[in-house]
Amino acid sequence: MTRGNWTTVREFILVSFSTLSYELQALLFLLFLIIYLVTLMGNVLIILVTTADSALQSPMYFFLRNLSFLEIGFNLVIVPKMLGTLILQDKTISFLGCGAQMYFFFFFGAAECCLLATMAYDRYVAICDPLRYPVIMNRRSCAQLTAASWFAGFPVATVQTIWIFSFPFCGPNKVNHFFCDSPPVIALVCADTSLFELEALTATVLFILFPFLLILGSYVRILSTIFRMPSTEGKRKAFSTCSSHLLVVSLFYSTAILMYFRPRSNTSPEHKKMVSLSYTVVTPMLNPIIYSLRNNEVKAALRRVISRTLSPRKL
């Protein structure tokens, strides 16, 4: 197709859940709105409790606080626009708006993958090398690991977003998704995208599969160490500190791998939307619930914070 035949695309239309009746979309709006509010409140609560309580100043809770910041950002990028498409039926998103949404989706997603791997490393050192843990995971090391996790999102987000939106779009502008993810947007490009797809696969391996394998290797060593512990109480405590993180990792990576490593021909757009909902909407809500309900230290700290807040101050 010659340049003269290209149609300039100034906005995209998010198909979202438009195949459903308006009544079902209204029910989805209420459900996702509740999940969205619970996600924001839960993650803000984790941030406040781990900041205010002196007993939660260990590296594990420092990383958890940063994970909550990431989850809030991840949700803000995806959910408000999705809610608008459901209740207001405003399915249009500008060319720049689509690019911005995709950029921050890549940024927060890549940063979360790296931070989850960092949290697994923290648990590995704490359980497999406890005597050196205070030296290895000192304040400076924690800050450096966290900064590296956050900034890891910049190169992949910048390269992929700029590359995608430098392609010509020939006219069809319906994105068959509820947000601007790369596969449905790249499907609208009228040019050879094979090189980009190779780069996207490489980035997926580096930021999803490689951290997942590192986490898997860490937990193999962790479980091996736990099973060799002579004390039953020691085993119980070690399991309790790792189980929450392992559950979060399982939820996040299983759905991400299912989404980005399955052949296109075998996956319908509707199935992709359902899988995407699990790691963009559901998992961010479950993280604070899992970390608070399955962690006695967080529950105790929450009770202390509530007690201090509600009790009258002494004059």
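Reply: Let us begin with burial: a residue is buried under 20% relative accessible area, exposed over 50% and partly exposed in between, with a 1.4 Å probe and protein chains only. The model here is predicted, so local features need pLDDT of at least 70 and side-chain atom pairs count only at pLDDT 80 or more, while totals for chains, interfaces and linings use all residues. Residues are numbered from 1 along each chain as its sequence is written, and side-chain values use heavy atoms, without hydrogens and water.

Me: Is Gly109 buried or exposed?
Reply: Gly109 has a relative accessible area of 14% and is therefore buried. Gly109 belongs to helix 3 (residues 95-128); helices (H or I, at least four residues) and strands (E, at least two) are DSSP runs, numbered from the N terminus.

Me: Which residues does Gly109 touch, not counting those up to four places away in sequence?
Reply: A contact requires heavy atoms within 4.5 Å. On that basis Gly109 touches Phe74 and Phe252.

Me: How is the packing of two helices described?
Reply: Two packed helices are described by the angle between their axes and the distance between the axes. Axes are lines fitted to C-alpha atoms, for helices over the stretch in contact, and angles run from 0 to 180 degrees between N-to-C directions. Angles under 35 degrees count as roughly parallel, over 145 as roughly antiparallel, 65 to 115 as roughly perpendicular, and the rest as oblique.

Me: At what angle do helix 3 and helix 5 pack?
Reply: The angle is about 150°, and the axes of helix 3 and helix 5 (residues 139-151) are 7 Å apart. The two helices are therefore roughly antiparallel to each other. The contact involves Phe107, Phe108, Ala111, Cys114, Leu115, Thr118 and Tyr121 of helix 3, together with Leu145, Ser149 and Trp150 of helix 5. By class, the residues of this contact are eight nonpolar, two polar and no charged; Ala, Val, Leu, Ile, Met, Phe, Trp, Tyr, Cys and Pro count as nonpolar, Asp, Glu, Lys and Arg as charged, and the others, Gly among them, as polar.

Me: How do the axes of helix 3 and helix 8 cross?
Reply: They come within 9 Å of each other and cross at roughly 15°, helix 8 being residues 194-227. That makes helix 3 roughly parallel to helix 8. The contact of helix 3 with helix 8 has 16 nonpolar, two polar and two charged residues.

Me: In which order do the strands lie in the sheet?
Reply: Strands of a sheet pair through backbone hydrogen bonds, either parallel or antiparallel. Here two strands pair if DSSP finds at least two bridges between them. Three strands form an open sheet in the order 2-1-3, with mixed pairing. Strand 2 (92-94) and strand 3 (174-175) stand at the edges with a single partner strand each, so one side of each has no neighbour in the sheet. Strand 1 (residues 11-14) pairs with strand 3 in the parallel sense over two bridges, and Lys174 in strand 3 is the bridge partner of Ile13.

Me: What is the phi of Ser16?
Reply: Most residues other than glycine have a negative phi. Ser16 has a positive phi of about 50° although it is not a glycine. Ser16 lies in the loop between strand 1 and helix 1 (22-52), and is buried, with a relative accessible area of 1%.
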